[in-house]
Amino acid sequence: MKLHHIIKAQQFNRSKLANLFTMAHEMKEVVQKGGSDILSQKVMATVFYEPSTRTRLSFESAMQKLGGEVISTENAREFSSAAKGETLEDTIRVIESYSDVIILRHYESGAAEKAAKVARVPIINAGDGSGQHPTQALLDLYTIKEELGKIDGISIAMVGDLANGRTVRSLSYLLAKYKNIKIYFVAPKVTRIKSDIKDYLKRHHTFFTEESNLKKIAPIVDIIYQTRIQKERFGKRVKDYKEACGKYIIDKSILKLMKKDAIIMHPLPRVDDIKKEVDSDPRAAYFRQAQNGLYIRMALLKLILIG
Amino acid sequence: MKLHHIIKAQQFNRSKLANLFTMAHEMKEVVQKGGSDILSQKVMATVFYEPSTRTRLSFESAMQKLGGEVISTENAREFSSAAKGETLEDTIRVIESYSDVIILRHYESGAAEKAAKVARVPIINAGDGSGQHPTQALLDLYTIKEELGKIDGISIAMVGDLANGRTVRSLSYLLAKYKNIKIYFVAPKVTRIKSDIKDYLKRHHTFFTEESNLKKIAPIVDIIYQTRIQKERFGKRVKDYKEACGKYIIDKSILKLMKKDAIIMHPLPRVDDIKKEVDSDPRAAYFRQAQNGLYIRMALLKLILIG
Amino acid sequence: MKLHHIIKAQQFNRSKLANLFTMAHEMKEVVQKGGSDILSQKVMATVFYEPSTRTRLSFESAMQKLGGEVISTENAREFSSAAKGETLEDTIRVIESYSDVIILRHYESGAAEKAAKVARVPIINAGDGSGQHPTQALLDLYTIKEELGKIDGISIAMVGDLANGRTVRSLSYLLAKYKNIKIYFVAPKVTRIKSDIKDYLKRHHTFFTEESNLKKIAPIVDIIYQTRIQKERFGKRVKDYKEACGKYIIDKSILKLMKKDAIIMHPLPRVDDIKKEVDSDPRAAYFRQAQNGLYIRMALLKLILIG
């Protein structure tokens with residue numbers, strides 16, 4: 001399986017996802033053995049129009065663990081500064097002259113698709129505005145597969161900011177490709193899941209329901225996928241923000257309700273949404289989930305640059 | 001041929017230029033074969049006192065395609081901050097303790113020469129204020145050689161901001177080393193070529209003339225070298241800026257006038273100075289020109305660090 | 001000898017220091033032979049919560065000279081931005097998923113220790129607030145060993161800002177481990193050495209005295225360790241600052257008084273505290289001292305990642 005541009009999570013079908021996850025699993029072994037040099041002298045450019053240090057470092061480490069090299073900027077807005085006014089397309093055409101793959105982070109939804117239209121080298125979307133962040137969705141799904149051994153048949157509670165969170169939306173798209181999935185959306189009133197996702201799930205015959213009582217749901221799900229309520233989304237509505245924040249917190253009392261082999265996921269960073277006391281429980285999967293980002297990105301780079 | 005400091009374009013004579021271009025051509029093949037490791041464990045420091053992401057990434061990719069490593073800062077002004085007040089010379093003496101070659105970008109004309117005076121390791125000037133940017137001039141000349149198969153005897157229209165553009169000035173210096181060159185300077189009144197360049201060309205018996213009608217010149221030249229009118233150079237003279245901007249634009253109508261084997265060059269970024277409709281024409285050489293920057297910089301690094 | 005976290009200079013005893021210095025000396029030879037690849041595919045993360053380009057580049061070069069790779073941010077404050085509010089511990093747990101060693105620079109004293117408590121991968125403290133900067137102290141001591149051939153029995157004048165300077169404090173701690181050391185503290189009134197260091201030296205039976213006349217001390221010491229008076233430490237006390245600045249300057253007149261085989265050290269950057277005229281004297285050891293930072297950091301990385 002040879003991949004080219006990675007623009008959105010939905011571009012993967014079940015068979016491609018299965019291949020990708022097998023490769024990611026192999027990459028875990030590659031890392032444990034100390035890395036590989038299959039991408040030596042290949043150059044990856046990380047072109048970030050806004051900083052996202054976590055995502056950038058994860059991609060860069062993935063490239064290096066396979067022996068590849070990195071050129072990098074978190075200051076790509078400079079290209080399109082008022083005075084200079086270069087188009088994204090031109091920037092991509094210049095950067096691709098000295099790189100073999102481009103990781104693009106942009107503040108505008110649709111930027112990755114725009115870039116892919118003119119690029120000769122593969123583009124990986126590392127987040128474009130309120131649009132997609134496909135490698136996050138892929139690592140989430142891979143974590144489910146690795147932790148629970150399967151994806152078909154799982155039940156998941158998605159908790160927190162379901163209105164604004166890119167990750168919850170993308171994961172929903174992907175889960176709709178699997179069988180007998182049960183999704184429980186648990187959110188404060190002001191951050192409830194949007195109707196486009198609900199319509200999508202209906203069209204794909206994926207079971208979902210909205211719940212307000214996490215304690216009722218915790219005992220029956222395989223996964224609690226917690227997300228952070230993002231202050232910046234609320235603007236001046238401080239009261240709304242505070243109310244939303246305190247409503248669903250994962251602590252020991254929730255842990256006690258959960259199944260023994262269930263897991264807790266979180267795209268990170270977390271603030272108070274998961275209490276520290278949860279970290280030492282083996283069901284706390286969120287740091288393993290972050291680590292899976294490395295393996296997924298290694299697998300993608302391998303499948304893109306070599307096949 | 002072993003090189004050391006690269007401070008200004010004029011330091012190269014015809015024979016050195018010929019050697020450099022042969023090496024750059026070899027580097028193109030090295031890239032196509034997937035890179036080399038001749039510079040492995042060599043460390044290049046990019047010390048940028050002002051950001052120039054494009055130039056920096058091109059140098060860094062060049063180093064990596066030859067197996068070398070990069071340490072990098074676009075924040076070098078920190079060294080000379082008010083509180084600390086370290087001299088450029090001291091900074092260079094420290095950085096050279098942990099690098100094998102230094103790429104210096106500075107906001108002050110003459111900085112590269114100053115650095116070279118104290119440095120034990122080679123310095124490459126990546127632009128110093130209104131001074132020189134020799135690798136840009138070298139890649140421009142190399143592009144002419146690669147695209148047209150020769151340099152002697154070519155005719156070139158230099159268009160746009162000839163007063164402030166570093167590239168046009170440096171390219172003029174280099175072209176004066178070749179035979180039967182014809183230069184047509186085509187510029188708005190406010191950005192005409194300065195008398196020092198004209199005097200230089202006279203002394204070197206290089207033909208040039210100033211023209212105002214691009215349509216008259218387009219049919220007879222081998223190269224149109226377009227440049228961007230830089231807003232920031234005009235300050236409050238908005239009217240002058242707008243007039244200058246609109247005056248010479250490369251579009252399909254200009255393409256129609258040009259010779260079949262002529263080329264269009266541009267140091268990039270372009271804004272509206274070359275219309276998008278021109279991009280798909282095979283004579284549009286500006287993205288190939290950007291790519292040549294990689295080969296020239298690889299060739300320089302090889303000639304500096306190995307010979 | 002296998003090392004793990006490097007948090008403070010005092011964690012090394014004499015025998016560990018001797019081992020480290022032997023390894024650093026070997027590293028000098030490795031560099032002269034063009035580097036090594038013993039750390040290939042190992043990834044070092046430089047996580048800097050405040051910029052310190054000099055320190056960062058030195059660490060990165062050290063890693064690369066041993067064949068290793070680097071992921072890097074000087075913008076780590078982003079992780080803990082008001083809106084996101086991630087703890088240092090969480091950040092470390094994420095970054096360690098994609099790195100083999102973490103170099104941490106932080107604005108808060110004690111941050112390195114905090115990080116080490118949760119980290120599975122080794123942490124190297126690259127300066128935490130007014131706390132420690134152990135690799136600087138180690139390279140200082142290594143420089144004494146390399147330049148003078150021994151540490152026991154040396155006499156040293158520490159000059160300048162002894163109240164605020166991290167380096168002078170850490171070096172004092174380390175010197176107290178050696179025999180027959182003589183320390184002369186020479187400082188303006190406002191930046192005299194603090195009583196905690198004096199108490200420490202007393203407890204360890206290390207000779208020290210405070211002097212005000214550098215000309216009296218210069219002829220009898222093996223080392224003058226000059227430091228910069230840091231303007232930012234004085235706030236609005238401009239008069240105090242100016243007085244402190246001018247008081248002890250190393251120039252030719254001081255050189256004339258010094259022993260033939262004595263040396264001058266400085267953690268750099270220097271401003272006017274050592275005159276340029278001193279640079280060409282073989283006793284000016286400060287640039288060699290900076291270079292020793294590379295060897296010490298290579299040695300630490302080797303001892304941490306391989307043993």
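## How the copies are arranged

A word on the model: it is predicted, with local features needing pLDDT of at least 70 and side-chain atom pairs pLDDT 80 or more, while totals for chains, interfaces and linings use all residues. Residues are numbered from 1 along each chain as its sequence is written, and chains are lettered from A in the order in which they are written.

## Where chain A meets chain B

The contact takes 21 residues from chain A and 24 residues from chain B (C-beta atoms, placed from the backbone, within 7 Å). On the chain A side, strand E1 (43-48), strand E2 (69-73) and helix H3 (88-95) each supply at least two residues; H3(A) gives the most, with 4 residues. Here helices (H or I, at least four residues) and strands (E, at least two) are DSSP runs, numbered from the N terminus.

In chain A, 4 strands form an open, parallel sheet in the order E2-E1-E3-E4 (strands pair if DSSP finds at least two bridges between them). E2 and strand E4 (123-128) of chain A stand at the edges with a single partner strand each, so one side of each is left without a neighbour in the sheet. E1(A) and strand E3 (residues 101-106) of chain A are joined by 5 bridges, and A:Val47 has A:Leu104 of E3(A) as its bridge partner.

Helix H2 (residues 53-65) of chain B packs on this sheet, touching E1 and E2 of chain A, and its direction makes about 175 degrees with that of E2(A) (axes are lines fitted to C-alpha atoms, for helices over the stretch in contact, and angles run from 0 to 180 degrees between N-to-C directions).

How values were computed. Two residues are in contact if their C-beta atoms, placed from the backbone, lie within 7 Å.
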